[in-house]
Amino acid sequence: MTANRFATRLNSFASRPQAEWPGLAGRPSLMQMAARAAKVAGLTDLDLNFPDHVGEKPAEIARKLGDLGLSINGFAMRYYSNPAFKLGAFTNPDPAVRREAIDLTKAGIDAVREAGASLMTLWLGQDGFDYAFQADYATLWQHEIDGIREVAAHDPDCQISLEYKPNEPRSYSLMPDAATTLLAIRDVGLPNLGVTLDFAHVLYADEQPAFAAALVARHSKLLGVHLNDGYSKRDDGLMVGAVHTLQTIELLRQIRRDGYAGAIYFDTFPDMTGLDPVHECEVNIATVKRMLRVVDRIERDNRLSAAINSQDAVTSQAIIQEIMLGPDA
């Protein structure tokens, strides 16, 4: 894991706009948000949404971000440009709409490559269903597989990462969890596919994050890690470690062991409650750095390895609490 690469959600920096841009009418521009993000100590990368954030030539955007000291980690597709996508992007019942979604994704892949990056994240949240008897599941699945295969084959040198989520906006997502996503990757059968784990999505899929990461490493590859936190009921987008500190540390330990080489990306929502996004991101970075130091101490402690090997939960909890909080006085 490249511990010194930290990326973040650009739209977070639209939070509290009057504090940064007094008198601003409307939403801040891409470069206004990026300039604000560049104030974050330790931030190295941004992810851009396509097509939302790409209003000019991608190479020019990359150059301007570089002038701010920021790199592009990758792009993330957003299927909002056509209202018909609400009924599905790759799984829409209308072949013309499916074609539009696939072609839009190919254009996004071309754009991220022009920007000098090679990671496209697909969150296919519109692909799913809401009612019993609404869809033929085999047909829905085949449309999804066909769409993913076509966009992944478009540029074999671009990594395509599937970000799963149990629901929202659809009541049931077609890829709601790690296992189903890995089934899709197996069905597609192309080597440039992998998985993005979003911590809050994993939690409310009722999964243990480190276990999900281990499954991904065994059956595919981990291409993205989105850190945040929540109460396991929805995509809360809270700050890293705010609720599930132990699970976050365990995930960091697991992905380091599995050789994850990507950036740590903060998919948090300071804009939902008007937090200072610069301070919020700096605290997230500091938290992860502290957690990685805990991981270092864990890996040097043979007692914990022995407890884990014997599945001795009581001893392992005692040791990890001591490593985190210090010895009992």
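Mentor: Happy to. Let's settle a term before anything else: a residue is called buried when its relative accessible area is under 20%, and exposed when it is over 50%, with partly exposed in between. Keep in mind, too, that this is a predicted model.

Trainee: Now the strands. Which order do they follow in the barrel?

Mentor: Eight strands close the barrel, in the order S1-S2-S3-S4-S6-S8-S9-S10, and the pairing is parallel. From one strand to the next, the twist averages 30°.

Trainee: Let's zoom in, then. How many bridges are there between S3 and S4?

Mentor: Two bridges, in the parallel sense. If you want a spot to look at, Ala 76 stands opposite Thr 121 of S4.

Trainee: And which strands pair with S6?

Mentor: Strand S4 (residues 119–122) pairs with S6 in the parallel sense over four bridges. S6 also pairs with strand S8 (residues 193–198), again parallel and over four bridges.

Trainee: How many residues of S6 are buried?

Mentor: Four of the five residues in S6 (residues 159–163) are buried, so the strand is mostly covered, going by the cut-off of under 20%.

Trainee: Switching to helices. What angle do H8 and H9 make where they cross?

Mentor: Helix H8 (residues 209–219) and helix H9 (residues 245–257) cross at roughly 20°, with their axes coming within 8 Å. Angles under 35 degrees count as roughly parallel, and therefore H8 and H9 are roughly parallel to each other. The crossing of H8 and H9 is right-handed.

Trainee: Which residues make that contact of H8 and H9?

Mentor: H8 brings Pro 209, Ala 210, Ala 213 and Ala 214, and H9 brings Gln 247, Glu 250, Leu 251, Gln 254 and Ile 255. By class, that contact of H8 with H9 divides into six nonpolar, two polar and one charged.

Trainee: What about H9 and H13, how do their axes cross?

Mentor: The axes of H9 and helix H13 (residues 313–325) cross at roughly 90° and come within 13 Å. That makes H9 roughly perpendicular to H13. On the H9 side the contact uses Thr 245, Leu 246 and Ile 249, and on the H13 side Gln 317, Ile 320, Gln 321 and Met 324. Four residues in the contact of H9 with H13 are nonpolar and three are polar, with no charged ones.

Trainee: Last one: where is Leu 275, and what is it in contact with?

Mentor: Leu 275 lies in the loop between helix H10 (270–273) and helix H11 (277–299). Leaving aside neighbours within four places in sequence, Leu 275 is in contact with Ser 15, Arg 16, Pro 270 and Glu 280. Leu 275 and Ser 15 are 260 residues apart in sequence, yet 6.6 Å apart in space, C-alpha to C-alpha. With a relative accessibility of 36%, Leu 275 counts as partly exposed.

Conventions. Residues are numbered from 1 along each chain as its sequence is written. This is a predicted model: local features need pLDDT of at least 70, side-chain atom pairs count only at pLDDT 80 or more; totals for chains, interfaces and linings use all residues. Side-chain values use heavy atoms; hydrogens and water are left out. Axes are lines fitted to C-alpha atoms, for helices over the stretch in contact, and angles run from 0 to 180 degrees between N-to-C directions. Angles under 35 degrees count as roughly parallel, over 145 as roughly antiparallel, 65 to 115 as roughly perpendicular and the rest as oblique. A crossing is left-handed if the near helix is turned anticlockwise from the far one by less than a right angle, and right-handed if clockwise. Contact means heavy atoms within 4.5 Å. Ala, Val, Leu, Ile, Met, Phe, Trp, Tyr, Cys and Pro count as nonpolar, Asp, Glu, Lys and Arg as charged, and the others, Gly among them, as polar. Buried means under 20% relative accessible area, exposed over 50%, partly exposed in between (1.4 Å probe, protein chains only). Two strands pair if DSSP finds at least two bridges between them.
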